[in-house]
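This report describes a single protein chain, moving from individual residues to the fold and surface as a whole.

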Amino acid sequence: MARNAAPVLQESSDIPGALVSAAKHCGVRTLFIGSARPRLLGRSVVEKLVRLAPPFDIVIVQRDSAGAENRR
């Protein structure tokens, strides 16, 4: 599965749209993306991506805050 993984570089001011476009082009079936901190104004990239209802699964990965503290 991960043997065929390759980085994709794409520039855009619309990050969620660019992610959907690149994923469609590359035939992505599942996208793993890190969660962002809650925002007071506007939506995070993850929230915008989910609202686009892309044709692939999205897995939102949250970093364990306890584990992060232990690595410092």
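F56 is buried, because its relative accessible area is 8%, where buried means under 20% relative accessible area, exposed over 50% and partly exposed in between, with a 1.4 Å probe and protein chains only. This phenylalanine is located in the loop between α2 and β2; helices (H or I, at least four residues) and strands (E, at least two) are DSSP runs, numbered from the N terminus. When neighbours within four places in sequence are left aside, F56 is in contact with V20, A23, V28, R29, T30 and L31, contact meaning heavy atoms within 4.5 Å. In space, F56 lies 8.4 Å from K24, C-alpha to C-alpha, although 32 residues separate the two in sequence.

The model is predicted: local features need pLDDT of at least 70, side-chain atom pairs count only at pLDDT 80 or more, and totals for chains, interfaces and linings use all residues. Residues are numbered from 1 along each chain as its sequence is written, and side-chain values use heavy atoms, with hydrogens and water left out.

**Overall organisation**

The secondary structure consists of 3 helices and 2 strands, and the order of the elements from the N terminus on is α-β-α-β-α. The chain has 72 residues, of which 19% count as buried. Among contacts in the chain with a separation of 6 or more, 63% are accounted for by residues 24 or more positions apart. The accessible surface of the chain amounts to about 6,500 Å², and carbon and sulfur atoms supply 51% of this area; accessible areas come from the Shrake-Rupley method with a 1.4 Å probe, and for residues only the protein chains shown count as cover.

The following table lists C-alpha separations for selected pairs.

| Pair | Separation in sequence | C-alpha distance |
|---|---|---|
| F56 and K24 | 32 residues | 8.4 Å |
| S44 and P16 | 28 residues | 9.5 Å |
| V61 and S35 | 26 residues | 5.8 Å |
| Q62 and R37 | 25 residues | 9.8 Å |

**The loop between β1 and α2**

S44 lies in the loop between β1 and α2 and counts as buried because its relative accessibility is 8%. Not counting residues up to four places away in sequence, S44 touches A36 and R39. R39 has its place in the loop between β1 (30–34) and α2 (45–51). With a relative accessible area of 52%, R39 is exposed.

R39 also belongs to a positive surface patch, together with R43, K48 and R51. Patches are made of residues with over 30% relative accessible area and no salt bridge, like charges being joined within 9 Å and nonpolar side chains (Val, Leu, Ile, Met, Phe, Trp, Tyr) within 5 Å. A salt bridge is a side-chain nitrogen of Lys or Arg within 4 Å of a carboxyl oxygen of Asp or Glu. Lys and Arg count as positive and Asp and Glu as negative, while His and the chain ends are not counted; the place of a charge is taken as NZ of Lys, CZ of Arg, CG of Asp or CD of Glu.

F32, V59 and V61 form a nonpolar surface patch, with about 270 Å² of accessible area together. V59 is found in strand β2, residues 57–61, and counts as partly exposed because its relative accessibility is 31%. V61 is likewise found in strand β2; at a relative accessible area of 43%, V61 is partly exposed. Apart from its neighbours within four places in sequence, V61 is in contact with F32, I33, G34 and S35.

**Exposed loop residues**

Q62 occupies the loop between β2 and α3 (65–71) and is exposed, with a relative accessible area of 67%. A53 is found in the loop between α2 and β2, and its relative accessible area of 61% makes it exposed. The phi of A53 is near 50°, a positive value in a residue other than glycine. Most residues other than glycine have a negative phi.
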